Each structure stands twice: as structure tokens, then as C-alpha cells.
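My entries follow the order in which I looked.

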Amino acid sequence: MTIQKINPYLPCPCGSGRKYKFCCYVNRQEVNNEDSLSLIKKSATYPVDKCLVSDSWKERGLATLFIIRQLPNSKFIVGVYLVDLLCLGVKDTFCHANVPYTVIEDKIVRSHVHLVPIDYEDARSMILGGIEFARQYHFDPHPDWKDSQPIVEPERPFVHKYKFGMNGKPMFIPGPHDDMATITSKLR
Ligand SMILES: [Zn+2]
């Protein structure tokens, strides 16, 4: 993806009829100068570019999701969520703003999972539904959820599309970083 030079005195490509310099150019400058977390807080105002999910989520009960939003300066916001659909909900998450697409591609490669496109509302349904299920058993999402949650608009209702747990009950499959003692005591 390249940032093309636009003559500031020609009509803006967004079709507003105003000159570029007095239209989207301003947005672009504002976004360039804004810090990541405040851009992420305003995520809902930036369009979703694409959403991806690891294709093995059904068999494994564990999904890696990428939510990518386009900023007006040709850069992106990305939120990554590791969702345990069987028990713990959002086990891990991180987010970045004002990154070029190459940085996202690099993170996709490093995730070592095969990702396929998923509808944005379905991705919300998986992430927010997973958190809701886990909270019934007093499992809170990963602490960094407080930063990455605006990307999935948690306050807006979501469709309950997926089933969590095994036959409606949590099933814990320990991962390398899980605190076994705390988790089993909560499940009892
Ligand atoms: Zn414009």
C-alpha cells in the first residue's frame, strides 16, 4: 500500500467538493500526531478493513482473531485477541495504532496460525461471547483487554452466534502460561 501525493489545492479524493488541504489532509495530520491509545479509544469512528480468525478454532476451541481498522492517514489500528471458547474467554490480547500494513503482516506471520477472513460481527460475537461465558465462572479477560476493547465496540449489543464450553459447561485445557491452581479452584 502506498501513500500517493495529492495536490493540496485540487478537490479532495473523498468527494466532499472541498480542496484536499482543507479536508482530509487535516484529518491525516491530526491522526499522525495523536497517540495510539487515544486513537484506539475512537476505534468505532474508523472503518473495519478486515477481520481474520485462525481456521483451527472449531477443533481446538481456541481462536486467534485479528481486527484491522483503516485510519485516514493510510495506516491502521490492529487488535489481536486469543479467545479460549471452552473456558477462559480472552486469554491474551494486544493492540497497536498508526502502524503500516507491513507491521500487521509481520504479526500475522509470527502468530504461526493459518488465518481466514471472518465477518466483523461474527468476530465480535466470538470475543464478547467468550468473555460473557467466562465471567459466569469468575474468569476476567486478560488485563490488556482494557486497552484493546474499543476496537470491538464492547458496549454495542452482539449476536449470540457461538456456543461456549462443552455442553454448556466450562472445560479447561491447560496452556503453558495458565495458573492451574487458581483456575481449578474457580471451577470448583
Ligand atoms: Zn476529504
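Predicted model: local features only at pLDDT ≥ 70, side-chain atom pairs only at ≥ 80, totals over all residues.

I placed both residues in helix α5 (residues 120–135), where they are three residues apart, about one turn of the helix. Arg124 has a relative accessible area of 0%; because buried means under 20%, I recorded Arg124 as buried.

I next looked up Arg110 and Asp106, whose side chains form a salt bridge of 2.8 Å, N to O. They lie four residues apart in helix α4 (residues 101–110) and are therefore separated by about one helical turn. I noted Arg110 as exposed at 59% relative accessibility, and Asp106 as partly exposed at 35%.

For Asp147 I found a salt bridge with Lys146, with 3.7 Å between the closest N and O atoms. Asp147 is partly exposed at 24% relative accessibility, whereas Lys146 is exposed at 55%. I then traced one network, in which salt bridges with shared partners join Arg69, Glu121, Arg124, Glu153 and Arg156.

My last entry concerns Pro154, in the loop between α6 (145–148) and α7 (180–187). Pro154 is partly exposed, at 27% relative accessibility. Leaving aside residues up to four places away in sequence, I found that Pro154 touches Leu128, Trp145 and Gln149. I also noted 8.1 Å between the C-alpha atoms of Pro154 and Arg124, which are 30 residues apart along the chain.

How values were computed. Residues numbered from 1 in each chain as written. Heavy atoms only, no water. Helix = DSSP H or I, 4+ residues; strand = E, 2+ residues; numbered from the N terminus. Buried < 20%, exposed > 50% of the residue type's maximum accessible area, 1.4 Å probe, protein only. Contact = heavy atoms within 4.5 Å. Salt bridge = Lys/Arg side-chain N within 4 Å of Asp/Glu carboxyl O.
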